Amino acid sequence: MEEKVFGYPEYNESGEKILTTYENEYRAMLMDIRVYRMKAGETRSFVKAAEEMAVLLLKGSLVYRWEGHEARAGRKNVFTEGPWCLHVSRGTEVSVQSDMDDTEILVQCTKNENTFAAKLYEPKDAPWAYAGSSKGKFGNVANRRVNTIFDHDIQPASNMVLGEVLNDVGNWSGYLPHRHPQPETYYFLFDRPEGFGASFVGDRVFKSTDGSFSAIPGGELHPQAVAPGYQMYTCWMIRHLEGNPWLQTDRCEDERYTWLHDAEF
């Protein structure tokens with residue numbers, strides 16, 4: 001099966017949208033990532049015997065239930081409010097019950113023998129902040145707000161990283177072009193359904209649209225851009241490599257472009 005680096009998945013009749021799995025053409029991501037759309041009163045339960053799991057609320061209202069705990073979460077949308085996310089280790093059952101129609105969740109999983117205490121991350125735990133390396137630089141067109149829900153520093157027992165990005169309207173993201181050895185998956189949403197952008201994976205360029213995703217193999221450059229007039233949301237998900245976890249300090253910019261840091265526009 002040929003491995004791909006971009007996809008335009010659709011929801012199936014049961015409200016599931018499959019992005020990457022361990023067997024499909026995006027298996028190089030080493031993660032199982034799916035998005036679910038739920039109706040009011042609908043409940044979905046998840047448990048993975050050998051995988052850790054993160055259940056991220058994208059929009060709507062729901063009740064999380066796990067290990068005798070219960071918590072209510074609400075998010076109007078990813079553009080105006082911060083994330084709610086329940087992160088659990090293998091063998092932990094998670095149940096989510098939607099309070100309203102069209103609630104959407106993203107479920108990120110990867111294989112992990114480690115166990116750790118379950119954690120419900122709230123918006124206050126992952127505040128939005130402008131990425132300092134590009135704010136106001138490069139002609140002031142590479143401004144983006146970023147939050148990190150968890151990474152190696154926050155949860156060292158995890159094999160994953162999960163965070164979110166909001167491009168300023170018409171701006172670039174992940175600029176300067178950069179790479180790292182760990183595979184990364186981007187899931188895109190736009191503030192209007194006709195919104196679009198450009199996703200670069202190495203020398204390949206794809207039109208990013210609402211609900212599309214890119215599967216970035218380790219070592220590939222991967223900047224992004226959004227069209228003027230639109231705001232783009234990206235859920236970014238990285239899989240650590242054995243003995244080589246991704247760290248916030250591991251941003252490896254392509255040396256051909258580093259002169260831009262000192263350029264005047």
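A residue counts as buried when its relative accessible area is under 20%. By that cut-off Tyr26 is buried, because its relative accessible area is 8%. The model is a predicted one. Phe213 also falls in the buried class, at 1% relative accessibility.

Tyr26 and Phe213 form an aromatic pair. Their ring centres lie 4.8 Å apart. The planes meet at 65°, so the contact is edge-to-face.

The model holds 12 aromatic pairs in total. Among them, Trp172 and Tyr175 are tilted, with 55° between the planes and 5.4 Å centre to centre. Trp172 is partly exposed, at a relative accessible area of 29%. Ring pairs also join Phe6, Tyr8, Tyr186, Phe188 and Phe206 into a cluster.

Two lysines lie over ring faces. Lys111 is placed over Tyr22, 4.7 Å from the ring centre. Lys119 is placed over Tyr121, at 5.6 Å from the ring centre.

Four strands make up an open sheet in the order E14-E20-E17-E18. Their pairing is antiparallel. Strand E14 (172–173) and strand E18 (204–209) stand at the edges. Each has a single partner strand, so one side of each lacks a neighbour in the sheet. E14 pairs with strand E20 (residues 224–226) over two antiparallel bridges. Within E20, Gln224 is the bridge partner of Ser173.

Technical notes. Residues are numbered from 1 along each chain as its sequence is written. This is a predicted model: local features need pLDDT of at least 70, side-chain atom pairs count only at pLDDT 80 or more; totals for chains, interfaces and linings use all residues. Side-chain values use heavy atoms; hydrogens and water are left out. Two strands pair if DSSP finds at least two bridges between them. Rings of Phe, Tyr and Trp (its six-membered ring) pair if their centres lie within 6.5 Å; planes under 30 degrees apart count as stacked, over 60 as edge-to-face and the rest as tilted. Buried means under 20% relative accessible area, exposed over 50%, partly exposed in between (1.4 Å probe, protein chains only). A charge sits over a ring if NZ of Lys or CZ of Arg is within 6 Å of the ring centre and within 35 degrees of the ring normal.
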